[in-house]
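Reader: I'm new to reading structures like this one. Could you walk me through it, one question at a time?

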Amino acid sequence: MPRTKKSSGRKKSSGRKYSKGASKSVESAMRRRKSGTLRSGPGGKGGKVKSRKQAIAIGLSEAREKGAKVPKKKAA
């Protein structure tokens, strides 16, 4: 009889790091980046966002404002 692997005790996740609402905000920001309408800076007064990482950061920031469950910002 073959041996079975023991589980590590950790639950299997759905692959999502953030809440459903936060994921939608990031998805929306990525879509706006692709279409060229995502802008950086307060009130979108900065330049056009070209970086994927920056688009994700903007999406998470918008999710935080809406009150979605998102981890705290990392100290730079």
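Reader: What volume does the largest pocket have?
Author: Bear in mind that this is a predicted model, where local features need pLDDT of at least 70, side-chain atom pairs count only at pLDDT 80 or more, and totals for chains, interfaces and linings use all residues. Residues are numbered from 1 along each chain as its sequence is written, and side-chain values use heavy atoms, with hydrogens and water left out. A pocket is an open set of points on a 1 Å grid over the protein atoms alone, where a 1.4 Å probe fits and protein lies on both sides within 12 Å along at least five of seven lines; lining residues have an atom within 4 Å of a point. Points are joined across faces, edges and corners, and the space filled by probe spheres set on them comes to about 320 Å³ for the largest pocket.

Reader: How many nonpolar, polar and charged residues are in the lining of the largest pocket?
Author: The lining includes Tyr 18, Leu 60, Val 70 and Pro 71, along with Lys 53 and Arg 64. Ala, Val, Leu, Ile, Met, Phe, Trp, Tyr, Cys and Pro count as nonpolar, Asp, Glu, Lys and Arg as charged, and the others, Gly among them, as polar. By class, that gives six nonpolar, no polar and five charged residues.

Reader: How many helices and strands does the chain have?
Author: Both are DSSP runs numbered from the N terminus: helices are H or I with at least four residues, strands are E with at least two. On that basis, the chain has two helices and zero strands.

Reader: How far apart are the end C-alpha atoms of helix α2?
Author: Helix α2 covers residues 52-66, which is 15 residues. The expected span is 1.5 Å times one less than the number of residues, so α2 should span 21 Å. The model agrees, with its end C-alpha atoms separated by 21 Å.

Reader: Which helix do the buried residues of α2 pack against?
Author: Buried means under 20% relative accessible area, exposed over 50%, and partly exposed in between (1.4 Å probe, protein chains only). In α2, the buried ones are Ala 55, Ile 58, Gly 59, Leu 60 and Ala 63. An α-helix has 3.6 residues a turn, so residues three or four places apart point the same way. The partner they pack against is α1 (20-35).

Reader: Is Leu 38 buried or exposed?
Author: Leu 38 sits in the loop between α1 and α2. Not counting residues up to four places away in sequence, it touches several residues, including Ala 29, Val 49, Ala 55 and Ile 58, where contact means heavy atoms within 4.5 Å. Its relative accessibility is 2%, so Leu 38 counts as buried.

Reader: And what about Ser 40, buried or exposed?
Author: Ser 40 lies in the loop between α1 and α2. Setting aside residues up to four places away in sequence, its contacts include Gly 47, Gln 54 and Ile 58. With 17% relative accessibility, Ser 40 counts as buried.

Reader: Which residue of helix α2 is in contact with Arg 32?
Author: Arg 32 belongs to helix α1 and is partly exposed, with a relative accessible area of 27%. Leaving aside neighbours within four places in sequence, Arg 32 is in contact with Thr 37, Leu 38 and Glu 62. The one placed in helix α2 is Glu 62.
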